[in-house]
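Keep the model open beside you as you read.

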Amino acid sequence: MKLTDEEQGMIEGKHGKAVAMAMSILTKLGQIYGAAEMIPISQVHIDSSAYKTIGEAGLEFVEKLADSGARFRVPATLNPTSRDIKRWQEFRIPADFAEKSQRLEQAYLRMGGIPTWTCAPYLYGVIPHFGQQIVWAESNAITFVNSVIGARTARYGDFADICAAITGRAPKFSLHLTQNRAGEILLKLQDSSLINWGEDSIYPLIGYIAGAAAQGRIPVIDGIPNNVTSDQLKGLCAAAASSGAVALLHILGVTPEAATYQDAFQGKEPLQIITIGDEELLKARQDLTTAAEGKVDLVVTGCPHASFSEVEHLVQVLAGRRVCREVEFWVQTNRTVYHWLEQTDLLGLLNFSGIKVITDTCIFSWPLDNWDFQLLVTNSAKFAHYAPSMLRTQVVFGNLEKCVAAAVKGEVRRT
Ligand code: F3S
């Protein structure tokens with residue numbers, strides 16, 4: 001790879017051992033993918049922030065970096081940690097686990113990490129602009145930032161994100177390059193009795209179908225109204241990233257690189273055209289549901305982390321009803337939204353209804369051995385996709401109204 005004098009100096013150790021190691025890892029990554037050079041990047045979102053995911057070896061690695069005096073060269077936001085930082089005891093997190101999570105959090109903060117602890121840094125964080133070269137990890141955030149904002153990141157994994165933050169560089173490859181961002185397959189939405197564009201749960205279903213169809217290609221979706229909201233796109237992108245590891249998709253007339261069909265495909269023809277109608281939507285809903293009915297013990301919303309508007313909507317749907325005693329209803333969000341909720345009557349209303357607002361974390365990164373959940377209901381396709389394997393529970397995917405009804409009654413019925 002062709003390196004600048006400064007980058008060569010980094011490898012040679014002129015900026016310290018941590019920078020040398022990070023640059024050496026990134027150049028190896030670049031060589032594997034045929035990158036000709038490095039590019040300066042202006043910010044990083046670090047995914048390796050949950051102790052449960054990166055484990056003991058990961059904690060040791062991050063602490064060693066921090067102990068060696070490594071500092072982030074660019075703003076680096078942080079994905080969820082493995083505990084609600086203030087109320088972890090309430091959620092039965094063991095003390096030794098919480099202590100290790102705290103050590104990991106502190107190591108990142110010592111290096112200059114920004115304590116966002118959220119998987120939706122595009123809502124309230126250090127938000128890049130169109131075309132900006134960045135390094136983001138966390139699958140839903142990668143898809144959102146590439147597709148909705150039009151900033152450019154490849155699909156980075158754990159530890160490559162830290163190396164990028166320490167060096168301020170990334171290999172010039174993958175979605176950093178214009179020619180690799182062209183749409184490749186077309187998904188056309190047909191008239192369907194199941195589509196109500198005001199209904200949020202339709203967007204994750206479409207994203208889920210797009211992800212499953214993508215098979216490593218970049219989908220272009222035709223037919224989504226241009227008044228789609230950021231929250232709806234959040235659900236769509238997260239679902240596509242779950243079912244098919246999609247890092248970029250285009251929505252015709254909505255996303256920045258897809259103002260027109262020609263723009264989306266960069267003048268080429270799609271490799272495949274797929275239609276989405278009743279059959280595909282029903283199948284996606286079925287694929288995300290493993291139980292038709294039964295007693296519910298957990299309801300989860302806020303995957304990815306809920307925005308203020310989504311929490312407000314939840315309070316409207318609740319309309320003062322209380323959650324059944326046997327049910328835990330958890331809303332995942334970040335601390336910014338929580339502060340806003342505290343300043344309104346919304347937090348009080350949620351507490352009155354028996355709903356717990358969790359911050360800083362994602363329950364997939366918790367040890368849940370102290371709970372015995374059997375059946376959960378969620379309005380997130382991503383959560384429904386991973387819950388059976390990660391939490392070993394049955395799952396029902398439904399809209400927010402279904403989540404609330406299940407929480408209030410303590411059961412779901414076949415519909
Ligand atoms: Fe975020 Fe966890 Fe969902 S990291 S996207 S809440 S699986």
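Which residues surround the ligand? They are Cys119, Glu138, Asn140, Gly302, Cys303, Pro304, Gln332, Cys362, Phe364 and Lys382, where being near a molecule means having a heavy atom within 4 Å of it. Before going further, a word on the ground rules: this is a predicted model, so local features need pLDDT of at least 70 and side-chain atom pairs count only at pLDDT 80 or more, while totals for chains, interfaces and linings use all residues. Residues are numbered from 1 along each chain as its sequence is written, and side-chain values use heavy atoms, with hydrogens and water left out.

Back to the ligand. Sorted by class, its shell holds five nonpolar, three polar and two charged residues. For that sorting, Ala, Val, Leu, Ile, Met, Phe, Trp, Tyr, Cys and Pro count as nonpolar, Asp, Glu, Lys and Arg as charged, and the others, Gly among them, as polar. Strand 11 (residues 298-306) supplies the largest share of the shell, three residues. Helices (H or I, at least four residues) and strands (E, at least two) are DSSP runs, numbered from the N terminus.

Now zoom out to the space around the ligand. Rolling a probe the size of a water molecule over the atoms shows where empty space is left. The ligand sits in the largest pocket, meaning that more than half of its atoms lie within 2 Å of the pocket's grid points. A pocket here is an open set of points on a 1 Å grid over the protein atoms alone, where a 1.4 Å probe fits, with protein on both sides within 12 Å along at least five of seven lines; lining residues have an atom within 4 Å of a point. About 600 Å³ of space lies in this one, counted as the space filled by probe spheres set on the points, which are joined across faces, edges and corners.

What lines the largest pocket? There are 28 lining residues, and Asp47, Thr53, Asn79, Glu138 and Lys382 lie nearest the centre. Two or more residues each come from helix 3 (51-67), helix 5 (139-149), strand 11 and helix 14 (381-390). Strand 11 gives the most, with four residues. By class, the lining divides into 12 nonpolar, 10 polar and six charged residues.

Some of the residues around the ligand also deserve a look at their backbone. Most residues other than glycine have a negative phi, and most peptide bonds are trans. Glutamate 138, however, has a positive phi near 90°. Glutamate 138 is in the loop between strand 4 (135-136) and helix 5, and it counts as buried at 10% relative accessibility; buried means under 20% relative accessible area, exposed over 50%, and partly exposed in between (1.4 Å probe, protein chains only). Then there's the cis peptide bond that joins cysteine 303 and proline 304, with omega about -5°. Proline 304 belongs to strand 11.

Arginine 92 has a positive phi too, near 60°. You'll find arginine 92 in the loop between strand 3 (76-78) and helix 4 (95-110), partly exposed at 40% relative accessibility.

On to charges. Side chains of opposite charge can pair when their charged atoms come close. Counting a salt bridge as a side-chain nitrogen of Lys or Arg within 4 Å of a carboxyl oxygen of Asp or Glu, the total is 20. One of them pairs glutamate 6 with arginine 169, with the closest N and O atoms 2.9 Å apart. Glutamate 6 lies in helix 1 (residues 5-11) and arginine 169 in strand 5 (residues 169-171), so this pair ties together parts that are 163 residues apart in sequence. Glutamate 6 is partly exposed at 36%, while arginine 169 is buried at 10%.

Another salt bridge links aspartate 360 and arginine 335, and here the closest N and O atoms are 2.5 Å apart. Aspartate 360 lies in the loop between strand 13 (355-359) and strand 14 (375-378), and arginine 335 in helix 12 (residues 335-342), so the pair ties together parts 25 residues apart in sequence. Aspartate 360 is buried, with a relative accessible area of 1%.
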